Amino acid sequence: AIDISNLRDQTGYVTLDKGYKNTGATQSAITFLDGEEGILRYRGYSIEDLADKASFLEVAYLLIYGDLPTQQQYAEFEDSIRRHTMVNEDMRKIFEGFPNNAHPMGVLSSLVSALSAFYPDSYDDKAPDQTQMHIIRLLAKLPTIATWSFKKSQGHPVNYPKNQLDYCSNFLHMMFALPVEDYQIDPVVSRALNKLLILHADHEQNCSTSTVRLVGSSRANIYSSISAGINALWGPLHGGANQEVIEMLEEIKANGGDVAKYVDMAKNAKTTGFRLFGFGHRVYKNFDPRARIIKKAADDVLSKLGVNDPVLEIAKGLEEAALHDEYFVSRKLYPNVDFYSGIIYRALGIPTNMFTVMFAIGRLPGWIAQFVEMRAQKEPIGRPRQIYTGPTLREFKAIGDR
Ligand code: ACO
């Protein structure tokens, strides 16, 4: 029997579900996931097929418009994105004001929010044609903005997009090309990036996506809603975990590689406050299908690039130890998507504090699709209830009498 006596507020009974562990906030036709069986599908297509055979922009189109594009639809979609990769030069002035060591996630969310000021027609929530343009702009400009903060942290000039390149290659060009030397895009790197972005592209009602839908439910514009999602993603329990994972693996390596010690610390998470980052998931309770694909990709990419990263061995050691430990087994804690992604990003030359930005670039089509669906379904403003636990009526005393 459940004691519901404490679920009463002034107006009646309220369902209390902290963290919304069992509360459906919407009906959605975008992403199917079965946490028990480890199944993930976008619009009915398996993540394994998409990660293996599709391009990131094909997947973006699928998520946003519901079907895989024909060749002509794809060409038009890609072309319109190419035409909007430039960012207003006045945005650069805002950007210049950030300190060199600003975290790129803070820069990204601020600049995405600032985009709304450059496209004030986004405030009109009754203009679907314009929303279409904002979708293209967001997809086109996010990589450009993302690379700015990396360039700044390096003290290098920013690179303008090269629109003859595909989406992933253009990103790599803006990140890594220097005016003083030739930069050749390695197809292994570009393909690995394509796969990682697809794996992150949507994940139904996770924290950042729910944030986008909730903010958008007030009819706030798409830039502000996506900016809020970027901020939600930044947290270490969500997308920020990929940065934490690499920092944790580095720390284990620096302290002599004693994996068992860290497993023990995590088993006492309640007292030590230490969690194994990259382990556990709210929904996947047997395995995270994305983690399986990424683990294999990490092996492939590292061997193709000839990179020998000692933290990969530590990561495998942790996974192995946790797989056999009663604490992790009984709580169904398995490596999640973020556990191996950082190792690949590192091999691709992407610095640690950019990992969550990479996640944001990948998740953007999902956020957009969920925003569009929420609006199309004319969902009401999101507004959870509460159980008030503060004092009842208190007598006010003027400040002179306190
Ligand atoms: N290390 C050690 N113990 C853990 C971990 C972990 N990584 N994750 C969960 N636990 C333990 C909890 O202490 C708790 O133990 P208890 O039953 O003794 O109280 C139990 O497992 C359940 O944990 P909750 O926090 O209640 O599970 P929840 O579903 O709320 O949290 C989450 C899921 C946030 C992902 C959690 O597993 C976590 O903090 N993992 C580490 C951070 C991480 O990798 N986040 C990325 C998630 S994937 C993504 O966002 C793309």
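Student: Is Lys332 buried, exposed or partly exposed?
Tutor: Lys332 has a relative accessible area of 33%, so it is partly exposed. Buried means under 20% relative accessible area, exposed over 50%, and partly exposed in between, with a 1.4 Å probe and protein chains only. Please note that this is a predicted model: local features need pLDDT of at least 70, side-chain atom pairs count only at pLDDT 80 or more, and totals for chains, interfaces and linings use all residues. Residues are numbered from 1 along each chain as its sequence is written, and side-chain values use heavy atoms, with hydrogens and water left out.

Student: Where is Lys332, and what is its phi?
Tutor: Lys332 sits in the loop between helix 16 (326-330) and helix 17 (337-347). Its phi is positive, about 55°, although Lys332 is not a glycine. Helices are DSSP runs of H or I with at least four residues, strands are runs of E with at least two, and both are numbered from the N terminus.

Student: Let us turn to the ligand. Which residues come nearest?
Tutor: Of the 22 residues around the ligand, the nearest are Lys270, Arg275, Leu276, Gly278 and Arg282. A residue is near a molecule if one of its heavy atoms lies within 4 Å of it.

Student: What polar pairs are there for Arg275 and Lys21?
Tutor: A polar side-chain atom of Arg275 is 2.6 Å from an oxygen atom of the ligand. For Lys21, the distance from a polar side-chain atom to a ligand oxygen is 3.3 Å. A polar contact is a pair of N or O atoms within 3.5 Å; within protein, one must be able to donate a hydrogen and the other to accept it, and residues adjacent in sequence count only if both atoms are side-chain atoms.

Student: And what does Leu276 contribute?
Tutor: Leu276 places a backbone N or O atom 2.8 Å from a nitrogen atom of the ligand. The ligand taken alone exposes 930 Å², and the protein buries 80% of that. These areas come from the Shrake-Rupley method with a 1.4 Å probe.

Student: Now helix 18. What is its span?
Tutor: Helix 18 (residues 355-376) has 22 residues, which at 1.5 Å a residue should span 32 Å. Its end C-alpha atoms are 32 Å apart, in agreement with that value. The expected span is 1.5 Å times one less than the number of residues.

Student: Where is the kink in helix 18?
Tutor: The kink lies at Arg363, shortly before the proline Pro365, and is about 45°. The bend at a residue is the angle between axes fitted to the seven residues ending there and the seven starting there. Just after helix 18, Lys378 takes a positive phi of about 50°.

Student: What about helix 2?
Tutor: Helix 2 (residues 56-65) is mostly covered, with eight of its ten residues buried. Among them are Phe56, Tyr61 and Ile64.

Student: One loop to finish: where is Thr85, and is it buried or exposed?
Tutor: Thr85 lies in the loop between helix 3 (71-82) and helix 4 (89-96). Its relative accessibility is 7%, so Thr85 counts as buried. A polar atom of the Thr85 side chain is 3.3 Å from the backbone oxygen of Arg82.
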